Amino acid sequence: MARIVIADDDADIRELVVFKLRHAGHDVLPVADGAAAVEACLGNKPDLVILDVMMPGMSGLEAARVLRGDDAMTGVPIIMLTARAQESDIEQGFEAGADDYVVKPFSPRELAQRVAAVLGEDAS
């Protein structure tokens, strides 16, 4: 079981991700924006962070940069989950420190498989 922080300003997507990941046995902490994600991560180091790119206040890209700059977060994978699908958007995600990039709309099953892969778990 992994501790996962999921940040997305869309409550429906947040709830879908939380449901799928809890069903897979993970401890999931949902938050609505990048600043709350940074606070949650620095307060209690997770095993994985999932960030939407476009959120009010601090974006997912900004949150990823802050987390990558903190020594306490070394080695914690970040998955960007976003509707931004242009090649330049994906490049920006990886440049900000993402380990994977999932484009909305997405398959909850695929997201669970990507989470398992990033965490080094068997997704079967």
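Pro105 lies in the loop between strand 5 and helix 5, where helices (H or I, at least four residues) and strands (E, at least two) are DSSP runs numbered from the N terminus. The peptide bond that joins Lys104 and Pro105 is cis, with omega of about -5°. The model is predicted, and local features need pLDDT of at least 70, side-chain atom pairs count only at pLDDT 80 or more, and totals for chains, interfaces and linings use all residues. Residues are numbered from 1 along each chain as its sequence is written, and side-chain values use heavy atoms, with hydrogens and water left out.

The strands form an open sheet of five, in the order 2-1-3-4-5 and with parallel pairing; two strands are taken to pair if DSSP finds at least two bridges between them. Strand 2 (27-31) and strand 5 (100-103) are the edge strands, each pairing on one side only. On average, neighbouring strands of this sheet are turned by 20° against each other, direction ignored. Axes here are lines fitted to C-alpha atoms, for helices over the stretch in contact, and angles run from 0 to 180 degrees between N-to-C directions. Helix 3 (residues 60-68) packs on the sheet and touches strand 3 (48-51) and strand 4 (78-82); contact means heavy atoms within 4.5 Å. The direction of helix 3 makes about 175° with that of strand 4.

Strand 1 (residues 3-7) runs parallel to strand 2 and is joined to it by five bridges. In this pairing, Arg3 stands opposite Asp27, and Val5 stands opposite Leu29. Strand 1 is mostly covered, with four of its five residues buried; buried means under 20% relative accessible area, exposed over 50%, and partly exposed in between (1.4 Å probe, protein chains only).

Helix 1 (residues 11-23) has 13 residues, which at 1.5 Å a residue should span 18 Å; the end C-alpha atoms are 18 Å apart, which agrees. The expected span is 1.5 Å times one less than the number of residues. Within helix 1, the residues Ile13, Arg14, Val17, Val18 and Leu21 are buried. Viewed down the axis of helix 1, these buried residues fall within an arc of 130°, so they line one face of the helix; the arc is that of the directions from the helix axis to the C-beta atoms. The cover over the buried residues of helix 1 includes strand 1, strand 2, strand 3, strand 4 and helix 5 (108-119). On the other side of helix 1, Asp12, Glu15, Phe19 and His23 are exposed. For Asp12 the relative accessible area is 61%. At the start of helix 1, a side-chain oxygen of Asp10 reaches to within 2.9 Å of the backbone nitrogen of Asp12. Just after helix 1, Gly25 takes a positive phi of about 95°. Asp12 and Phe94 are 82 residues apart in sequence, and their C-alpha atoms are 25 Å apart in space.

Helix 2 (residues 34-43) has Gly34, Ala37, Val38, Ala40 and Cys41 buried. Down the axis of helix 2, the buried residues fall within an arc of 165°, so they line one face of the helix. These residues pack against strand 1, strand 2, strand 3 and helix 3, whereas Glu39 and Gly43 are exposed on the other side of helix 2. Asp33 caps the N-terminal end of helix 2, with a side-chain oxygen 3.1 Å from the backbone nitrogen of Ala35.

In strand 4, Met80 is buried, with a relative accessible area of 0%. Leaving aside neighbours within four places in sequence, Met80 is in contact with Leu51, Val53, Gly60, Leu61, Gly93, Ala98, Asp100, Tyr101 and Val102.

Asp100 belongs to strand 5 and is buried, with a relative accessible area of 15%. The side chain of Asp100 makes a polar contact with the side chain of Arg114 (2.7 Å); a polar contact is a pair of N or O atoms within 3.5 Å, and within protein one must be able to donate a hydrogen and the other to accept it, while residues adjacent in sequence count only if both atoms are side-chain atoms. Neighbours within four places in sequence aside, the contacts of Asp100 are Ile78, Ile79, Met80, Phe94, Arg114 and Val118.
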